[in-house]
Amino acid sequence: MSEGIGAPVKRKEDKRFITGKGKYTDDIRMENQAYAAFVRSPHAHAHIQGIEASAAEGMSGVIAVLTGAQLTDDGIGNLICGWAISSKDGSPMNMGAWSALATGKVRYVGDAVAVVIAESKDEAQAAAEAVEVSYSELPVAASIAAALADGAPEIHENAPGNVIYDWELGDGDATEAALAGAAHVTEMDITNNRLAPNAMEPRSAVATYDDAEDHYTLYSTSQNPHVARLVLSAFYQVAPEHKLRVIAPDVGGGFGSKIYIYPEEIVCLWASMKTRRSVKWTAERTESFLTDAHGRDHVTRARMGFDADGRIVGFKVSTKANFGAYMSLFSSAVPTYLYATLLSGTYDIPAIHCEVLACYTNTVPVDAYRGAGRPEASFVVERLMETAAREMGKDPAELRRANFVREFPYQTQVIMNYDSGDFEGNMNQAMEAADWAGFAARKAEAANRGKLRGVGMACYIEACGIAPSAAVGSLGAGVGLWESAEVRVNPVGTIEVLTGSHSHGQGHETTFAQVVAERFGVPLDSIQIVHGDTDKVQFGMGTYGSRSGPVGISAIVKACDKVEVKVRKIAAHLLECDPDELVMEDSQVKVPGTNKALGWHEVGLAAYTAHNLPADMEPGLKEGAFYDPENFTFPMGCFIAEVEIDPGTGKTDVVKFVASDDFGVIINPMIVEGQVHGGIAQGVGQALLEEMVYDESGQPVSGSYMDYTMPRAEDVPSFVVEHHNTRCATNPLGIKGCGEAGAIGSPPAVINAITDAIGNNDISMPATSAKVWAAIRASGTGMAAE
Amino acid sequence: MTIVSMTVNGTAASADVEDRTLLVDYIREHLRLTGTHVGCDTSQCGTCVVHVDGKAVKSCTMLAAAAEGAEVTTIEGVANGELHPMQRAFNDNHGLQCGFCTPGMIMSGIDMVNRYKAAGRELDEAAIRHELEGNICRCTGYHNIVKSIAQAASEM
Amino acid sequence: MHSLNYHKASNASEAARLLSGTEDGKFLAGGQTLIPAMKTRLAAPSDLVDVSGAADLRGIKVSGREVTIGAATTHAEVAANGELRGVCPSICDMAANIGDPAVRHRGTIGGSVANNDPAADYPAAMLALKATIKTVSREIAADEFFVGLFETALDDDELITSIGFTAPAAGAYAKFPNPASRYAMCGVFVAKGDDGVRVGVTGAGADGAFRPADFEAALDGEFSAKALDGISVKAEEMLSDIHGDGVYRANLVSVMARRAVAAAS
């Protein structure tokens, strides 16, 4: 049990990382390796008049300068968005062309125009600066407001008014009727700030073309190497799947930004074929800001109606979503099926209507970032609930309590069917852990020290393990969202588990092994998790959306089921007993209470020697499975933040943060808590510090760590993380997933705490010191002067 | 080009490099010690921290030539047969997730403990958080990094 | 980073000589600002003359209340110097909060002063401490030294050798760091010396570090935070950016000045 499900086992993968032996993409060096440097647009919107590369071509070390025209001539396809969303009127979304190297027009600062391949990184960089691109600048729309204004510049010719789609979900008439009859309506304008994901490892690619085999190998910082191969093959025509191997070795964080297949990987593969050299590219951080898909960037008007008893009667949400200059791989699904579907929150809401208008702007493409749609939904719902409670003079906790969903399964008005939970139980646990009742005393004590103290709550819910495949297919998804696994028991009894879930910090090598160790009663050290290589693992959908637990592990369990059946048959045959009598523990397969027992390794050996197997049984002990979930899972929780604000400077310190989560069954609480810590820090970052800012001309203003505020150790407190778990009803182990929760529930908790502290509800994220100070002054309630 | 010689992890190292070569590139590309990372270009993230003559520095913000004759320790050099207490503490406390910032965190952690011990100052949670100003982690929320360094400080 | 030639100087005069032979050379001290600028290709000197190992540029001398700090002395050395702390703890405390620990191990006082980043800490201290910036050829008063954003009275090839000042009777530095860069969004150094109170402000002013005359006059009258009530700098003369507008920065100047005075009192 000490190594099995529920045990806080130390991570198996740590040793290589703490000794500096991790192997990340930029650590790979191929024989005959050359380096790529991209020529990027300095303009947010411009026609490309010409590209003069002769000076660059003549420079030291330069192997080739390649442009979009050559890329197109070679039949490399445009980048695509893989989820088709239709507008209210039934028309398909307006997807503009995105070439890996721009031809004709550039549409954001950083848009790649050409690439230089050279012997060294410095030579490539120097030559890239020497490529002369002449531009004719065009008017720019760098924000949602600018893109949707009358007479706005047209970014893609097939997207009139820059509109990608105008979509809706829910019952508009019923919702308007409910709001019209409501005793109280709370109405708010809410902005969800644009974020840069900032995995600490910058993106990198090393591509090698083997002309003898007509075969490509790509090392890539990918969360999902199989999806990368699929897309590179099926849509971008780089190479057919059997001629392309994608390896995602150790990957230094992803948070969504490494799901997508970017122009750089396509270009490196293509350039390796053109130059017959291995081609490496590693982003500088500045380049990461310019090219990694950003997250969030919504503006929303929301109205929530209540009856005289404080019960929600209707909820109307109108959101405009910024997609940037091109539609990234999953972009279309984020503000629709990952957002609008979560607007019932943890509450029983009889009428909901959501409209989403998605638009192009002259900015970096926007796509899923930790939480993806669900943080935006949680922020809208929980800001509305808190504000409504204050407006109606009710306790915010009690207003939530009065509206919680209490019976399961619960069908929301926005597609989702919640399978399980005890929402009030989590709230109670969080309130107790946070000493909610003692807040007034802490506030008074803080006031004595000249600080404004506030408390804020958020009860988030999210949906993980997007599925089932048939359902998402009917909603427009271009892929299935199952996961695969293969469990190989070796002749000596050691076990290799091949999984399509990629681990880039989540600790799969430990947690997945714990599941198998418990299942077969074998030591953790005898199990190896294999992932991240399309030549080793047959297929997989990768890691995002907190799906590795509920979906990835479920596939492993399913493969283990098949292995177990065979183990029982072999052991029963050898021990001359009934297969159902056998138990697997202590590295043995045995009949309890008897001396009938085989070592686990003896079963493995028997399977492979095949000297004495049951009649008609194939040799070997290896099973694979594909698991397609029957429903999403619904992790939820209650977060409580307490802040103290320095009225002189407006600086906010998060002094206490309590989380009570329901993640269903937990495999490794140490790792799960680590996921929550990281998510909360990202959410606190969104609430207080982080924003990707563009000026009106489309120039990024916060494009480095000099101006984009990453949360540091001093910006967050130690966290209190508790669990009140209910088993997920729809997968074999009852797992709900935990990867995104922290980032989903924390922004509204922090903003609710700040607005409580300063007595001014009008504050947008990030609540920088300057904004909070101004809000204190505007409210006149603070101690703004010292 | 200049021949730059130094002692890295106790072993003499020498390479003929361009003058513009950063210490981190000398370590990663010439010595192929790839545990030292590059995570930003503005000297803030701290994934590149190594010790030069016993002090933590950002190897991305120092020329290799400036380390001529120096004693350099990288993450690969801190274990002495067995894991350094700081390395073990990161494993014990789940102080790492993706592992990319970890070498810099460990090198900064060792440096801060050494400095505080030398000065006879207490390295409490607030001090650890303040001392980590030059190291950014996106995965852990710092909670377990702080715990790891506190544990190692009690063992070093 | 562009190609360059590296030279290592063992003393100040050798450094000056080495630089004079270059096309577009620069002195390199700790490099904590210059190297990032070169990496992002904002600076591209033909040559770097490394003065960090120049013996005659290093070290801290305290004689009574007279302080001399060699230009190549690192922030960590300034922060940790017991003798200096004995007469002028404020500059030690200030140095202890420049950048981060690794930056402080390399960054130097001379490099910081010569660069005159509008958000660097040392310029505020130099102004408040009425420091003298000594170069290979002359001595320049701090009031004349800091000319504008990244601009100083130094000639292109002029090397700072040391910083000198008289330790004030009381002093303190209060800093509100930029949340992203950790440079000063506003830093106020207050020093009560024999000939009055001097206040140096960094991070906030649109033209770089400055001395707010009203603040100094008020504090000359009464050295207390209360003396600054009702006095403020002009918002339109402050920097304005995504981290805070001029009104906010003007407020920070007042708040940090009061806190510095309170800490020094």
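Here are some questions and answers about this predicted model.

User: Before we start, what kind of model is this, and how are things numbered?
Analyst: Welcome! Local features of this predicted model need pLDDT of at least 70, side-chain atom pairs count only at pLDDT 80 or more, and totals for chains, interfaces and linings use all residues. Chains are lettered from A and ligands numbered from 1 in the order in which they are written, and residues are numbered from 1 along each chain as its sequence is written.

User: Into which domains is chain A divided?
Analyst: The bounds come from an automatic or database domain assignment. Chain A is split into domain 1 (33-138 + 201-252 + 258-291), domain 2 (298-466 + 631-779) and domain 3 (482-627).

User: Which element gives the most to the side of domain 1 of chain A that touches domain 3 of chain A?
Analyst: The C-alpha centres of these two domains of chain A lie 40 Å apart. Their contact takes 14 residues from domain 1 of chain A and 13 residues from domain 3 of chain A, where contact means that the C-beta atoms of two residues, placed from the backbone, lie within 7 Å. On the domain 1 side, α7 (225-234) and β11 (244-247) of chain A each supply at least two residues; helices (H or I, at least four residues) and strands (E, at least two) are DSSP runs, numbered from the N terminus. With four residues, the element that gives the most is α7(A).

User: Which strands stand at the edges of the open sheet of four strands in chain A?
Analyst: The order in this mixed sheet is β18-β26-β27-β28 (chain A), and strands pair if DSSP finds at least two bridges between them. Each edge strand has a single partner, so one side of each is left without a neighbour in the sheet. The edge strands are β18 (452-461) and β28 (720-723) of chain A.

User: How many residues of the side of chain A that touches chain B come from α18(A)?
Analyst: In total, 42 residues of chain A are in contact with 43 residues of chain B. The elements giving two or more residues to the chain A side are α1 (14-18), α9 (285-291) and α18 (669-689) of chain A. The largest share comes from α18(A), and that share is seven residues.
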